[in-house]
Amino acid sequence: MLQKPSFQKALFVLNPISGDISKEEVQAMVEEYCYEHHLQLTFYHTTGDNDCNEIKELIATQKPDVVMAIGGDGTVSLVAEILNFSSIPLGIIPLGSGNGLSKDIGIPQEIDQALALLKNGVIRKIDSLDINGKTVFHLSDLGFNAFIVKKFNEGETRGPGAYAWIALQEYINYAPFSYKIQTDKEYWEGEAFMVTIANANAFGSNATINPSGILDDGFFEICLIEPFPKGAAIGLLFSLYTDKIHNSVYSRILKCKSATIRKSADDILQIDGELVETSDTLIVKMNTKSLSVLMPPVVEEETQ
Ligand SMILES: Nc1ncnc2c1ncn2[C@@H]1O[C@H](COP(=O)(O)OP(=O)(O)OP(=O)(O)O)[C@@H](O)[C@H]1O
């Protein structure tokens, strides 16, 4: 039985630079909603500098019943990491370009509907992963996608079009790295175009890399795309966007509770769009049902 919320105090963590909508407008919508529903509210505007400590301090002094992250995947990860292992639920009002985790847990992408979950949502616990001390709530990867995220971050142009253009240019000369993976169940070694360590299902672009992933089952999946001939690229892309990647002969999914991944020195790890410095041995651990999340009641019916 999932908990229904009865919140009295909410902390809203708003990233003023995410999304292309006026933040004054967003704040006014939130204030009106809270006034109408008799919710006390506090706003924290992120600065990109020392936000983690400032938010922890506000949580300690204000004691909110819920913390709502208003921004893109970076803001959601920041707040989720602070709330992980606590009983305070995370709510999400998605404003970014990808909004991967919010889509995977069924949060409406419209501000008013996401806000309405404060009254009509349910609280459910989801798993998180620990990779060498870094927390993953959604997806993390090595190989081609992480390499493209690096190139994208180094470039000046933003948006899905820029990402696709970089991917197209780099794909021609990309040489897959080698990996050695030991999970609690099996061993795999070889070359891979991409290795996704997945707690969830789909990237913010809606490409479903892990069709059978469940956010609270105590397992994660290592989704491998093995090297493929150039002619197979379109078919693989089609499979990703039709939730059928697991049927491809180039796809292999290792379902597990823990894993050690040995990677090459030049290979990069990315977690939800952020590049992370790590050693070449990744130790991946599962934290079962560590984060409370505010989500729509329909998800409750689908997963039971
Ligand atoms: N006031 C600020 N000024 C500049 N940067 C900020 C500020 N507040 C947060 N940031 C930075 O914003 C980034 C997180 O952005 P977030 O993911 O929320 O939005 P986004 O980039 O628009 O979304 P998406 O990644 O989906 O495109 C972090 O790198 C953080 O340091």
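The following legends describe close-up views of a predicted model.

View 1. The domain assignment divides the protein chain into domain 1 (9-120) and domain 2 (134-289). Their C-alpha centres lie 28 Å apart. To the contact, domain 1 contributes 14 residues and domain 2 contributes 16 residues. On the side of domain 1 that touches domain 2, helix H3 (73-83) and helix H4 (100-104) each supply at least two residues. The largest share of that side, 5 residues, belongs to H3.

**View 2. The largest nonpolar core.** This core has 76 residues, and those touching the most other members are Val 13, Val 67, Met 68, Ala 69, Ile 70, Val 79 and Leu 90. Strand S16 (residues 281-295) provides the largest share of the core, with 7 residues. At least three residues come from each of domain 1 (9-120) and domain 2 (134-289). In soluble globular proteins, nonpolar side chains tend to be buried together.

**View 3. The surroundings of Val 79.** When residues up to four places away in sequence are not counted, Val 79 touches Val 13, Ile 55, Val 67, Ala 69 and Leu 90.

**View 4. The crossing of helices H6 and H7.** Two packed helices are described by the angle between their axes and the distance between the axes. For helix H6 (residues 144-154) and helix H7 (residues 160-171), the axes come within 10 Å and cross at roughly 120°. H6 and H7 are therefore oblique to each other, and their crossing is right-handed. Where these helices meet, H6 presents Phe 147, Ile 148, Lys 151 and Phe 152, while H7 presents Ala 162, Tyr 163, Ile 166, Ala 167 and Glu 170.

**View 5. The crossing of helices H1 and H5.** The axes of helix H1 (residues 23-36) and helix H5 (residues 111-120) cross at roughly 35° and come within 11 Å. This crossing of H1 and H5 is right-handed. From H1, the residues Val 26, Met 29, Val 30 and Tyr 33 meet Ile 111, Asp 112 and Leu 115 of H5.

**View 6. The surroundings of Ala 198.** Ala 198 is part of strand S10 (residues 194-198). Ala 198 counts as buried because 24 C-beta neighbours lie inside 10 Å, and the threshold for a buried residue is 20 or more. Apart from neighbours within four places in sequence, the contacts of Ala 198 are Leu 139, Ile 209, Asn 210, Gly 213, Phe 220, Glu 221 and Cys 223. Of these contacts, Ile 209 is 11 residues from Ala 198 in sequence and 8.3 Å from Ala 198 in space, C-alpha to C-alpha.

Methods
Residues are numbered from 1 along each chain as its sequence is written. This is a predicted model: local features need pLDDT of at least 70, side-chain atom pairs count only at pLDDT 80 or more; totals for chains, interfaces and linings use all residues. A nonpolar core is a set of buried Ala, Val, Leu, Ile, Met, Phe, Trp, Tyr and Cys residues joined through C-beta atoms within 7 Å. A residue is buried if 20 or more other C-beta atoms lie within 10 Å of its own, exposed if 12 or fewer, and partly exposed in between; C-beta atoms are placed from the backbone. Helices (H or I, at least four residues) and strands (E, at least two) are DSSP runs, numbered from the N terminus. Domain bounds come from an automatic or database domain assignment. Two residues are in contact if their C-beta atoms, placed from the backbone, lie within 7 Å. Axes are lines fitted to C-alpha atoms, for helices over the stretch in contact, and angles run from 0 to 180 degrees between N-to-C directions. Angles under 35 degrees count as roughly parallel, over 145 as roughly antiparallel, 65 to 115 as roughly perpendicular and the rest as oblique. A crossing is left-handed if the near helix is turned anticlockwise from the far one by less than a right angle, and right-handed if clockwise.
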